[in-house]
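Please look over the sequence and the 3D structure shown here before reading on.

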Amino acid sequence: KGKEPQAALFLNSITEDDEINGNTSEDNYFMLMMIPPYESNEKIDIGKEMIFVIDRSGSMSGTSIKQAKESLIYAINKLTKDDSFNIIAYGSAYTTLFPDPVVVNEENISTAKTFVNNLYEHSGTNAGPPLEEAMKMHTDVSKVKMIVFITDGAIGHESTIVNLIDNNLGNARLFS
């Protein structure tokens, strides 16, 4: 308890004898535990650049598209004046709401909600190009870039997508 964060490091070594080959091996393990302060009234506001990538392919029909749209509108409502955002909707092809991330204001939020409410599921799934667009989109270096990938998970070509992310994510954070 206190105002400062705490850390604890636990170490463990396990020695095993291989009865067949007569070798001995030792494995070392550790656990690092970071403990936040007991209570803090300090609020740290860090501007975020939120890029929402929403799946609107045929597999999203019914409940999936409804939940995806509701969660996206919920997230848009949680943005603050220090944030910027954009939305990319995809199926076989993709479209971006704005050419680059925009500031959070009433007009842009209203435009975004209309865009999201007009999304409907159709076509195939091609997640690579919209993810690449999100990763390469303009970045405000004073903000933390976060890409939120909203999908039912039926994307196909997973290894290609993982390689694309590995090669292009940079300092951004990706949440799916």
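Two strands are said to pair if DSSP finds at least two bridges between them, and helices (H or I, at least four residues) and strands (E, at least two) are themselves DSSP runs, numbered from the N terminus. By that rule, E4 and strand E6 (residues 102-103) pair in the antiparallel sense over two bridges. This is a predicted model, in which local features need pLDDT of at least 70 and side-chain atom pairs count only at pLDDT 80 or more, while totals for chains, interfaces and linings use all residues. Residues are numbered from 1 along each chain as its sequence is written, and side-chain values use heavy atoms, with hydrogens and water left out.

**Strand E4 and its partners**

- Strand E5 (residues 94-96) is joined to E4 by three bridges, and the two run antiparallel; here Ile88 stands opposite Thr96 in E5.
- E4 and E5 form a hairpin, with three residues between them.
- E3 and E4, in turn, pair in the parallel sense over seven bridges, and in this pairing Ile54 stands opposite Ala89 in E4.
- The chain crosses from E3 through H1 to E4, and this β-α-β crossover is right-handed (with the strands pointing away from the viewer, the path from the first strand over the helix to the second runs clockwise).
- Seven of the seven residues of E4 are buried, where buried means under 20% relative accessible area, exposed over 50%, and partly exposed in between, using a 1.4 Å probe and protein chains only.

**Helix H1**

- H1 has 15 residues and reaches 21 Å from its first C-alpha to its last, close to the 21 Å expected at 1.5 Å a residue (the expected span is 1.5 Å times one less than the number of residues).
- Ile65, Ala68, Lys69, Leu72, Ile73 and Ile76 are buried in H1.
- Seen down the axis of H1, the buried residues fall within an arc of 130 degrees, so they line one face of the helix; the arc is that of the directions from the helix axis to the C-beta atoms.
- Thr63, Lys66, Gln67 and Tyr74, on the other side of H1, are exposed.
- E3, E4, H2 and E7 are among what covers the buried residues of H1.

**The nonpolar cores**

- A nonpolar core is a set of buried Ala, Val, Leu, Ile, Met, Phe, Trp, Tyr and Cys residues joined through side-chain atoms within 4.5 Å.
- The largest such core has 26 residues, and those with the most contacts inside it are Phe52, Ile54, Leu72, Ile76, Phe85 and Ile87.
- Two or more residues of this core come from each of strand E3 (48-55), helix H1 (63-77), strand E4 (84-90), helix H2 (106-117) and strand E7 (144-150), and H1 gives the most, with five residues.
- Apart from this core lies another, of 16 residues, among them Ala134, Ile161, Leu164 and Ala172.

**Leu79, in a loop**

- Leu79 is placed in the loop between H1 and E4, and at 12% relative accessibility Leu79 counts as buried.
- Not counting residues up to four places away in sequence, Leu79 touches Met50, Phe85, Val104 and Ile109, where contact means heavy atoms within 4.5 Å.
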